[in-house]
Amino acid sequence: MKLDIKIKHIGVVLLGMITFSACDSYIEEDIFSDITSENFIDEGTADQLVVGVYSTLREVYKDYNLQFLGTDLFTVKAELNSVSAVNDYFGFDSGVGGSLWTKNYNVVAKANTAINRYENQISWSESKLGDKAYGIAQAKALRALAFFNMVQQYGGLVLDLEEPTSIRSDYTRSSEEETYNLIISDLEDAIPVLLDEPETGRFSKRAAQHLLSEVYLTRAYTSFGSTDDFNTAAALAEEAIGSYDIRSQSYAEVFAYDNQENDEILFAIQWGTNGLATDQVNTKHSIFMNQVANYPGVNRTTTPYGFSDFNAMPTPFFYSLLADNDSRDEATLHRAILADGDEPEGPDPIVAGDTIVYYPKVALDAVELAERLDRYWVYQPDQYLFGQPENVPGVNYLYSLNPERTNFPIFKKFDDEIFSEATDGARDTFVFRVAGTHLLAAEAYLGAGNPSAALTHLNIVRERATGVANEYTSVTIDDILNERAVELAGEANRWAVLKRTGKLEERINAHNPHVQDHGAFDPNVHLLRPIPSSELELSDGSLTQNPGY
C-alpha cells in the first residue's frame with residue numbers, strides 16, 4: 001500500500017519528530033531548509049503532523065524479538081545448547097527488550113504533538129473543521145495502537161498525553177486497568193470520525209474496529225475484564241469484517257507482491273519502491289531465513305537466503321500444523337532453494353535454476369530419497385533445525401566448508417523484489433487482515449459462550465486454506481491458536497496471544513526446543529516484560545519495575 005498524500009520534508013523537525021521521505025507513488029516530497037516547528041501551526045500543513053505518526057510506526061513493526069521469540073512457533077536460530085534471554089527466559093532482565101518501549105513511546109509522543117497542535121495551536125477555518133476532527137481521530141487511533149502494543153508486554157504504563165516540550169524525569173505508571181480504559185477511550189473517540197474508505201495507507205474505521213475488538217478481547221481475560229468484553233469484541237469484529245469474504249481470493253493472492261493493495265488488508269505499514277533509501281529499509285523479507293552462503297550456485301550471501309538481525313526460526317511444531325491439503329504451505333514456505341548462478345567446478349556442474357536444497361513436507365521413502373540425492377541435498381522433516389542433511393556425494397567438498405548447519409524451510413510470503421544484500425526492502429508490512437479479524441471473532445465468541453458462532457468464523461478461514469467447508473466440527477481455544485499459527489505466522493504478535501489466552505507456559509514447554517532443553521520461564525515473572533533499565537535510571541526513581549526483575 002502507498003500513502004497517497006503530499007508530505008513536506010522539514011529541515012528542522014519538531015522535538016522528537018521525523019517526517020517521511022518520498023517517492024512519486026508513495027509521497028511527493030518538497031525539501032525546505034531553516035524551517036522551524038512553528039511552520040506547522042497552519043491548517044494547510046497540519047496533516048504532516050499526522051503523517052509523521054504513521055512514519056514512526058515503521059520502526060515499531062520492524063521490532064520482532066518480543067513478538068515471536070519465546071513462543072511455541074519460533075525459537076532462536078542457534079544450536080540447542082545456546083542461550084537467548086528473550087527466547088529461553090534465561091537471564092531475562094531489565095536490560096533486555098527495551099526497544100519496544102522506546103519505539104512505541106516515540107509514536108505516542110508524535111501523536112500527542114499532533115493532537116495538541118490540532119486542538120490548541122492551529123487556527124481552523126469553518127470549512128476545515130472536518131479536517132481538524134479527522135486529524136485528531138487518526139492520531140488518537142495510532143496512539144491507542146502504540147499503547148496497546150506496550151500494555152500487553154509491560155502492564156500499566158506512563159499515560160502522558162502532553163506534547164513533549166522539555167525533558168522530564170517525574171513519570172509514574174498508571175495501573176493496567178487505567179491503561180486499557182485510555183486505549184478504549186481513544187478508539188471510541190476515533191471510530192465515529194475515521195473514514196470507511198480513506199486514502200490508501202490511512203487508518204480506516206474498520207481497522208480501528210479490528211484493533212478495539214482485540215483490545216476488548218485481551219481485557220476480557222484480565223482480572224478487571226468480564227464476559228461483556230468478549231461480547232463487545234465479537235460485535236466489533238463483525239463490524240470490521242463487514243461484507244468482505246476472504247474466500248474471494250486465495251492466500252497466495254493476498255501475499256502476491258503485485259497485490260499489496262487488496263481488500264483483505266485493513267492496515268499496513270508502508271514502504272516505497274522508487275524513493276530515497278529511507279523508504280527501502282524494511283527487513284521483513286529476511287526474517288525466518290537460514291544461511292546458505294556456502295551452497296554451490298547460491299551467490300546471495302545474506303538476503304533473501306541469509307542471516308537476519310532477527311535471529312529466529314520456526315519450530316518443528318509450526319511445520320507440523322501444515323496439513324497435506326493446506327494451500328498456505330506453498331504460499332508461506334520455500335521448500336526448495338534454487339541456484340541463482342552457475343557453479344562449473346566439481347564433478348557435477350550446477351547451472352542457475354537447479355535445485356540445491358530440498359525440504360520435503362513429508363519424509364521421503366528410501367527410493368525417492370536416493371533419486372533426489374543424486375542431484376541435491378535433502379533435509380527430511382526430522383532433520384530440520386539441528387539435523388544434518390542427506391547430501392550429494394559429488395559436492396561433498398563444498399559441504400565440508402560448513403558442515404554444521406542450522407537449516408529449515410524458509411519463509412516465502414514476505415519475499416521482496418526490491419532489497420539489498422544488507423537486508424533492506426520495500427515491501428509493505430501487513431498489520432491487520434480480515435482473516436485475522438475472523439479469528440478474533442472466533443476467540444471472542446468462544447469466550448462469550450457461543451461456540452456455534454466461533455465455529456462459523458474459524459471454518460471460514462480454514463475453508464480458504466484447504467477448500468473443505470465446515471472442516472472443524474467443534475472448537476477449542478487450542479484449535480483457534482493452531483489456526484492463528486498457520487494463518488498469521490510472522491504477522492500477529494504470537495507472544496501476546498499466548499499470554500492473553502493463558503497458554504504461554506504450556507505451549508513453550510511443549511513445543512519450543514530451547515525452552516525444553518534449558519528454559520527458565522517463571523509465570524510469576526515472565527508474563528510481564530521488564531521496564532527498560534535506561535528508563536528507570538532516567539526517571540529519578542519515580543518509575544517502578546515489574547516484579548521479579
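## Close-up views of a predicted model

View 1. Buried along helix α14 are Val434, Ala435, Gly436, Thr437, His438, Leu439, Leu440, Ala441, Ala442, Glu443, Ala444 and Tyr445. With 12 of its 14 residues buried, α14 is largely enclosed by the rest of the structure. The helix runs over residues 434-447 and reaches 20 Å from its first C-alpha to its last, which is close to the 20 Å expected at 1.5 Å a residue. Look after the helix for Gly449, a residue with a positive phi, near 85°.

**View 2. Strand β4 beside its partner β11.** β4 pairs with β11, residues 429-433, in the antiparallel sense, and four bridges join the two strands. To find your bearings, pick out Ile265, which stands opposite Arg433 in β11.

**View 3. Ser286 in its loop between β4 and β5.** The loop shown here lies between β4 (265-269) and β5 (312-314), and Ser286 is found in it. Is Ser286 buried or exposed? Its relative accessible area is 0%, so Ser286 counts as buried, the cut-off being under 20%. A polar atom of the Ser286 side chain lies 2.8 Å from the backbone oxygen of Thr283.

**View 4. An open sheet of three strands.** The strands follow the order β7-β8-β9, and their pairing is mixed. At the edges are β7 (336-338) and β9 (377-378), each of which pairs on one side only. Between β7 and β8 (residues 355-358) the pairing is antiparallel, over three bridges. A handy pair to look for is Ile337 and Val357: Ile337 stands opposite Val357, which belongs to β8.

**View 5. The largest pocket and the residues that line it.** This pocket has a volume of about 740 Å³. Its lining is made up of 22 residues, and those nearest the centre are Tyr105, Ala109, Pro164, Tyr171 and Glu535. Which helix gives the largest share of the lining? That is α4, with seven residues. Both α4 (99-121) and α20 (533-538) supply at least two lining residues each. Sorted by class, the lining holds 11 nonpolar, seven polar and four charged residues.

Notes:
Residues are numbered from 1 along each chain as its sequence is written. This is a predicted model: local features need pLDDT of at least 70, side-chain atom pairs count only at pLDDT 80 or more; totals for chains, interfaces and linings use all residues. Side-chain values use heavy atoms; hydrogens and water are left out. Two strands pair if DSSP finds at least two bridges between them. Buried means under 20% relative accessible area, exposed over 50%, partly exposed in between (1.4 Å probe, protein chains only). A polar contact is a pair of N or O atoms within 3.5 Å; within protein, one must be able to donate a hydrogen and the other to accept it, and residues adjacent in sequence count only if both atoms are side-chain atoms. The expected span of a helix is 1.5 Å times one less than its number of residues. On a 1 Å grid over the protein atoms alone, a cavity is a set of points where a 1.4 Å probe fits but cannot get out, and a pocket is an open set with protein on both sides within 12 Å along at least five of seven lines; lining residues have an atom within 4 Å of a point. Grid points are joined across faces, edges and corners, and a volume is the space filled by probe spheres set on the points. Ala, Val, Leu, Ile, Met, Phe, Trp, Tyr, Cys and Pro count as nonpolar, Asp, Glu, Lys and Arg as charged, and the others, Gly among them, as polar.
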